[in-house]
Amino acid sequence: MTTAALKQETVFDINEMNLWYDQFHALKDITFPIHKKEVTAIIGPSGCGKSTFIKSLNLMASRIPGVKMTGDITFNHQNIIINKPNLVDLRKKVGMIFQKGNPFPQSIFENVAYGPKIHGIRNKKRLQEMVEDSLKKTALWDEVKDRLNVNAFDLSGGQQQRLCIARAIATNPDVILFDEPTSALDPVSANKIEELILNLKQNYTIVIVTHNMQQAARISDKTAFFLHGRMIEHGDTNQLFSNPKNKETEEYITGRFG
Ligand SMILES: Nc1ncnc2c1ncn2[C@@H]1O[C@H](COP(=O)(O)OP(=O)(O)OP(=O)(O)O)[C@@H](O)[C@H]1O
């Protein structure tokens with residue numbers, strides 16, 4: 001096998017990416033790849049830029065007034081910072097899940113059917129199939145199949161989070177971004193989300209921001225450690241946690257700060 005064939009396929013290539021909130025330089029010269037069908041964890045102390053980084057990947061951050069981005073985030077062979085793709089199309093391909101499930105105040109069915117509908121799917125049977133498929137992929141189908149018309153707010157916090165994941169999956173994304181998806185959940189619900197993420201990586205590329213280093217170690221293939229707006233170290237999760245190359249990474253993962 002050639003070296004090129006061995007090279008891992010990437011979904012995002014981030015190169016010398018910078019972001020400012022007005023005068024505040026929040027992300028500095030970020031360079032690393034996000035590999036296809038892997039889980040990449042973003043770790044680091046509070047305020048280091050994890051959320052800002054993950055929100056840059058779907059250009060959510062760039063919509064905040066006063067934000068300026070430079071450099072290169074290549075997704076599907078185009079630099080999304082410069083080329084400014086259509087945001088509806090970008091977010092169809094790059095879904096996002098937040099700390100707290102944020103379903104729409106509508107039925108379970110309508111929450112999941114929402115994405116396909118705005119992308120033009122009107123056929124009722126097709127929508128039903130897509131909703132069922134997405135709910136099965138998030139292990140929610142058996143829990144809700146008899147009450148698809150109840151309001152999504154009637155679900156538990158963990159179920160709402162899985163519903164939001166089903167909503168993201170329904171548009172057939174390439175990537176799902178998770179910003180601390182389990183920090184508002186009880187341990188059992190959190191565990192279900194972790195299991196789900198491990199299953200989802202067969203079909204999707206996943207980037208997860210987490211404060212929980214055990215979680216990063218359990219579910220990610222690659223980890224990137226951020227500090228003061230810089231990406232300090234990126235590598236195989238096992239290697240980064242057992243034998244970090246950088247002194248600051250070591251101090252963080254051994255709990256000496258953060
Ligand atoms: N909308 C904003 N306007 C101005 N500054 C912001 C904004 N959002 C974040 N920041 C600043 O950018 C820096 C990085 O914030 P960010 O939320 O990305 O960090 P984080 O690592 O995700 O933190 P946490 O773990 O506490 O959620 C912080 O100094 C924060 O105060």
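Before going on, two notes on the background. This is a predicted model, where local features need pLDDT of at least 70 and side-chain atom pairs count only at pLDDT 80 or more, while totals for chains, interfaces and linings use all residues. Residues are numbered from 1 along each chain as its sequence is written.

Back to H5, which runs over residues 108–118. Its buried residues are Ile108, Asn111, Val112, Ala113, Gly115 and Pro116. Buried here is a count: 20 or more other C-beta atoms within 10 Å of the residue's own, with 12 or fewer called exposed, anything in between partly exposed, and C-beta atoms placed from the backbone. So what covers that buried side of H5? The cover includes helix H6 (124–137), helix H7 (141–144) and helix H8 (157–169).

Let's move to H6. This helix has 14 residues and reaches 20 Å from its first C-alpha to its last, close to the 20 Å expected at 1.5 Å a residue; the expected span is 1.5 Å times one less than the number of residues. Its buried residues are Met130, Val131, Ser134 and Leu135. Seen down the axis of H6, they fall within an arc of 125°, so they line one face of the helix. That arc is taken from the directions from the helix axis to the C-beta atoms. Why does that spacing work? An α-helix has 3.6 residues a turn, so residues three or four places apart point the same way. And what sits on the face turned away from the buried side of H6? There you find the exposed residues Lys125, Arg126 and Glu129. The buried residues of H6 are covered by elements including H5, H7 and H8, where a contact means C-beta atoms, placed from the backbone, within 7 Å. Just after H6, Ala139 takes a positive phi of about 55°.

Lys37 has phi near 50° and is not a glycine; you'll find Lys37 in the loop between strand S2 and strand S3 (39–43). Lys37 is partly exposed, because 16 other C-beta atoms lie within 10 Å. Asn76, also not a glycine, has a positive phi of about 50°, and its loop is the one between strand S4 and strand S5 (78–79). Asn76 counts as partly exposed because it has 13 C-beta neighbours inside 10 Å.

Now the ligand. Which residues are around the ligand? They are Tyr21, Phe24, Ala26, Gly44, Ser46, Gly47, Cys48, Gly49, Lys50, Ser51, Thr52 and Ile64, with the cut-off being a C-beta atom, placed from the backbone, within 6 Å. Strand S2 (24–35) and helix H2 are the elements that give two or more residues to that shell, and H2 has the largest share, three residues.

Stepping back to the whole chain, there are twelve helices and ten strands. Of the 258 residues, 41% count as buried. The C-alpha trace spans about 55 × 50 × 40 Å along its principal axes. Finally, take contacts between residues at least 6 apart in sequence: 68% of them join residues at least 24 apart.

Terms used: Helix = DSSP H or I, 4+ residues; strand = E, 2+ residues; numbered from the N terminus. Contact = placed C-beta atoms within 7 Å.
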